[in-house]
Amino acid sequence: MLAISIEALVKIALLMGGLMTGAAYFVLLERWIAAWVQDRKGPNRVGIPLTKIKLFGLGQPLADGLKFIFKEEATPGHVDKILFTLAPISILSAALAIFAVIPFGSVLPASFSEMIPGLDHQVELLVAPGIDIGMIYIFALSSIAVYGVILGGWASNNKYSLLGGLRSSAQLIAYELPMGLAIVGVVLTAGSLRLEDVIGLQASTGTWNAFAQPIGFLVFVVAAFAEAARLPFDLPEAEQELIGGYHTEYAGMRLIVYLIAEFLHMITASFLIVILFLGGWHFWGITGSENANITWFEAIARIVVLNIKIFGVIVFFMMIRWSWPRVRFDQLMSLAWKVMLPLGIVNLVAVATIVEYQKSLEGKLGGPWGVTAAMWGVSLLAWIAAGVLAPLHSDNSAQKDSFVLSAEARNRGVRPGVTTSI
Amino acid sequence: MQATDPNVKWIEEPKLGLAGKMYIPAVIGGLATTTKHLFSKKMTVSFPEERPEIGNPLIYRGVHRLNKDDQGRVKCVACFLCATACPAHCIDIIAAPSPWPDRDKYCESFAIDELRCIFCGMCEEACPVDAIELTSLFDLTGRSREEMIFDKEKLLSVYDMTKDAEPMKSKSLGGAP
Amino acid sequence: MGIVLVDGIEVEVGDNERINGIEAAERAGIDVPHYCWHPGLSVVASCRMCLVEQGTKDPATGKITMLPKVVPACQTPAKDGTVFVTNSDKVAQCRAQVEEALLIDHPIDCPICDKAGECRLQDYHFAHGQDERRADIRPFHSKKREMGETVSLFVDRCVMCTRCVRFTREITGTSELLVINRGSHEEIDVFPGFPLDNKMSGNVVDLCPVGALGDKDFMYSQRVWFMKSHDGICTGCSTGCNISTEENQDRVYRLRPRENMAVNKWWMCDEGRYGYHHVHAEDRLVGPRRKDASGKHAIVEWNTVTAEIKTKLKAAGPLAAVLSPHLTLEEAYLLIKFIRGIDPNAVLALGPVPTIGADETFPNGFTIHAEKSPNRRGIEMLLSHFGGKTLSFEDLTAEIDRGAVRAAWVSGGYKKSDWVSEATAAKFAKLDLLVVQDMFVSPLWNVATYQLPGGSFAERDGSYVNFNGRLQSAKWAIRPPVGAWVEGQLYQRLLERPGLFQGRKVLTELAQEIPAFHLAIGEVPSTGLDLTINQIAQQPTTAATV
């Protein structure tokens with residue numbers, strides 16, 4: 001019992017330390033990528049304190065953290081003080097608690113357990129192994145993020161904060177549906193809500209879910225961007241419109257808690273994308289497939305592969321930020337309800353059908369590759385249908401007709417350039 | 001301008017093709033552009049060690065200077081046109097009858113709040129005698145707000161500092177040929 | 001009644017009216033440019049800027065016959081049947097040529113000319129001149145010559161309209177200025193040894209349509225476009241000339257006369273014009289002070305003063321208030337309300353009215369009064385309304401000497417500190433409580449228990465009644481210096497009325513309460529209200545004359 005507790009504590013410590021450091025250094029990475037994309041050099045000054053060693057600016061996160069810690073903890077007079085403090089705490093604790101069920105590797109070889117007295121099982125690189133409702137747990141906790149945001153916006157007693165909070169609540173609720181539908185597709189194929197099982201299935205078949213369910217993958221990625229409130233869906237913050245959105249009134253430690261939570265959302269989203277759709281720790285040929293007699297090389301390779309994949313997805317997140325402008329709120333909503341939700345349903349139905357008739361279909365379509373090809377066909381058709389039929393794009397150009405008013409319209413007091421039709 | 005004005009040209013937005021409606025090609029195109037810039041040559045420099053190259057000092061808008069005429073007197077005639085043109089209201093002039101026979105009016109005091117200044121160059125445009133000019137000195141620093149209010153002596157000393165590197169701009173009004 | 005046609009617009013002209021083409025065009029809303037013509041001066045038609053086409057309409061046939069040449073509108077009478085055309089190509093060409101001729105030997109030193117921004121030469125050149133100057137550009141310098149203590153002449157800038165010469169001949173009758181030389185050598189000048197030194201000399205600067213005559217007081221101190229103009233009333237004497245107070249960022253730079261045919265026409269005297277310097281004097285008082293037990297004055301907060309002064313006055317016993325003739329009607333009214341609110345039997349007195357010399361009248365009727373305060377008559381009217389015990393300042397002093405009054409509120413606001421003598425101050429020193437409001441240290445100030453710095457004329461908002469019973473309103477132009485409170489605002493606070501003091505609001509209240517001011521219930525026109533029309537029946541008996 002003691003060993004298990006220590007094992008869990010060690011894993012929690014590792015995860016917390018890794019996540020916090022990771023979040024700090026991802027901030028630096030974000031700033032670097034932002035700079036490089038804009039042809040700037042980026043932060044490259046801060047190195048080891050009190051020396052002239054610069055280390056490409058790797059000391060920057062430390063300096064940033066210190067700055068936030070020593071900043072004045074200003075609380076405006078007009079805020080609801082309890083909720084104002086509770087909001088960032090709730091969002092950060094929810095964001096961290098999600099990682100209880102997210103594997104950050106696979107398992108360690110049995111030889112490791114033998115070295116440690118009291119350990120009678122293989123160490124799984126997961127804080128809470130064996131939780132059967134892993135995905136539901138993730139879903140539940142990620143929904144709590146809405147509370148953090150909307151409470152912060154409400155407690156700030158500031159119209160920009162409130163607008164940010166309202167936008168955020170609408171956005172997060174809207175994108176939870178397509179996200180859920182995409183996850184259900186994965187759950188159906190895996191037959192389990194445990195993330196380890198999802199990875200295990202992908203590793204054993206060698207077919208990542210992204211290949212098997214392209215449309216589900218797409219829906220999930222888009223929804224993950226929206227859930228993490230990353231560009232092009234960062235409407236809750238939208239500094240050009242809302243100053244800082246829901247955290248306008250925050251400063252110092254409470255602000256950094258919010259910012260860390262935001263980065264954790266992105267990291268969570270990356271973990272989920274990798275685990276659910278990109279094979280987790282699996283890579284053909286080097287990661288093996290059996291957990292029981294895993295070698296040290298394979299165990300480490302799995303950790304490395306998983307982390308490289310996550311790093312890649314995070315870089316993708318950051319690159320998308322500078323490649324796409326922010327969408328308008330109506331576009332955001334129509335994308336969720338008119339495009340992503342139907343596509344998610346199409347994916348679910350297709351997966352369900354294939355899972356139900358898997359045995360007989362495999363015979364007809366010629367093995368697992370045939371099934372994948374069928375999924376791709378369905379996906380392509382659905383995507384083209386969505387592109388042609390649904391308002392993926394909207395016409396924003398100035399319409400001459402709306403500017404040139406008839407005399408009658410002018411008499412009615414209609415202003416040019418304002419669409420009057422409802 | 002009315003929307004019906006013949007000078008207004010209405011342009012039809014190009015219609016999106018199938019690829020455009022599919023979005024994915026556009027996303028890949030955007031990512032390709034950002035990726036290209038990720039590795040391209042950087043425009044910024046590591047400032048104190050490297051200094052940026054100023055393309056044309058004649059059109060650069062840095063710290064102001066007050067020009068002197070060939071007798072070493074301030075050229076400014078205290079017409080207040082720079083102060084009038086200044087959108088940031090950072091120029092403060094006190095005029096007085098000039099001590100010289102060939103001029104009626106000169107500036108007894110001339111102060112520019114460099115912290116308030118937005119370096120738009122309107123003062124230079126407005127000046128009828130080319131007395132105020134913007135130099136290519138850009139890295140001005142100070143330890144207090146008071147220090148950053150440049151008075152007449154300081155502005156004249158900027159002229160002494162920069163006159164060799166950057167001659168007066170207008171030839172007809174006494175600038176270098 | 002006659003009909004004059006200006007560019008096809010019919011203008012009515014009264015039978016006994018004698019107006020010229022410029023005035024007729026003005027009635028039609030058409031501006032005829034002119035330099036030399038001025039409604040207050042004789043017509044010389046020398047600048048030729050107002051050239052228009054003129055003709056007559058035959059009343060019988062309705063046929064219009066135009067003169068082949070252009071005529072100066074300023075000396076062409078507008079009678080029934082006269083036709084003016086001001087918008088033809090011919091007229092436009094004439095204006096452009098006149099403008100070009102005037103600019104041939106003009107230095108065009110607008111950047112250093114104080115007139116720039118309000119210069120007719122500039123305005124007309126933009127409106128009517130040619131795009132290009134065909135004359136050679138001349139050196140950037142203007143010959144300067146002193147005309148007297150107050151005015152400098154920039155010879156090159158002059159367009160020889162001779163308005164200034166006619167002013168000294170026709171309005172002041174002093175004839176200092178004259179035209180020397182002939183032809184293109186013409187210049188304005190004075191005789192050697194006879195400088196321009198009459199008491200209205202500043203007006204020639206306003207009259208000058210270009211920058212030739214410069215006011216030495218205003219010279220180079222501010223560009224005109226930075227200044228904001230506020231309608232005011234001169235407080236230099238009881239004439240009550242209408243003025244514009246021109247200020248920038250709470251600093252008055254000049255006063256200029258405002259046209260009011262019933263009072264000052266277009267003019268004001270130099271004493272009033274240059275009499276604003278006390279507003280920004282170094283020794284102007286700021287920060288209220290209170291005398292402590294040791295007899296020393298220490299600065300206190302205004303809020304402290306307003307909080308405690310009422311109870312202190314109440315405790316002090318029989319009360320008196322001295323209403324300065326520099327107070328506006330509204331301020332005096334509020335002060336009476338405040339004092340009588342504390343002690344219904346309080347003694348009211350008119351403050352000393354400074355008088356210097358005798359009234360001085362110029363040939364055109366403009367008078368500089370000896371009484372150097374703006375509102376003696378208005379205060380007297382208020383005193384006669386409120387009645388009770390009203391005394392003259394001397395009687396009040398005697399009363400205080402006897403010990404019948406234990407506390408007094410004295411409002412000052414005088415431009416100089418010599419309005420009260422040491423002897424009078426010594427008598428006031430016997431009071432238990434003395435509140436003095438003033439702008440400068442006076443003997444009375446030194447013995448006061450409360451020393452309250454007050455506002456100047458440029459900071460006051462309110463109305464004055466001039467020597468012949470005309471009520472005129474002035475707007476505040478600048479904010480008082482930090483630490484000084486304008487009287488109106490102080491009384492507003494003491495009476496615990498909410499908000500800021502607004503002269504117009506108090507005037508309405510006052511006019512509704514006091515029959516003599518009933519006329520002012522409605523709007524006070526910019527030219528003022530003649531209150532005497534209302535007072536034929538009830539002649540006020542004043543405190544000072546009792």
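Modeller: Two strands count as paired here if DSSP finds at least two bridges between them, and the model to which this is applied is a predicted one.

Biologist: Which residue in β5(B) does Asp113(B) stand opposite?

Modeller: Strand β3 of chain B covers residues 105-113 and pairs with β5(B) in the antiparallel sense over 2 bridges. Within β5(B), the residue that stands opposite Asp113(B) is Ile149(B).

Biologist: About what angle does the direction of helix α5 of chain B make with that of β3(B)?

Modeller: Helix α5, residues 152-162 of chain B, packs on the sheet and touches both β3 and β5 of that chain. Its direction and that of β3(B) make an angle of about 85 degrees.

Biologist: Which strands of chain B stand at the edges of the sheet, and why is one side of each left without a neighbour?

Modeller: The open sheet is formed by 3 strands of chain B in the order β2-β3-β5, with antiparallel pairing. Each edge strand has a single partner strand, so one of its sides has no neighbour in the sheet. The strands in question are β2 (91-97) and β5 (149-150) of chain B.

Biologist: Which element gives the most residues to the side of chain A that touches chain B?

Modeller: Of the 2 pairs of chains in contact, A and B share the most contacts, and this contact takes 20 residues from chain A and 20 residues from chain B. On the side of chain A, the elements giving two or more residues are α1 (2-37), α12 (296-323), α15 (367-389) and α16 (400-403). With 4 residues, the element that gives the most is α15(A).

How values were computed. Residues numbered from 1 in each chain as written. Chains lettered and ligands numbered in written order. Predicted model: local features only at pLDDT ≥ 70, side-chain atom pairs only at ≥ 80, totals over all residues. Contact = placed C-beta atoms within 7 Å. Axes fitted to C-alpha atoms, helices over the stretch in contact; angles between N-to-C directions.
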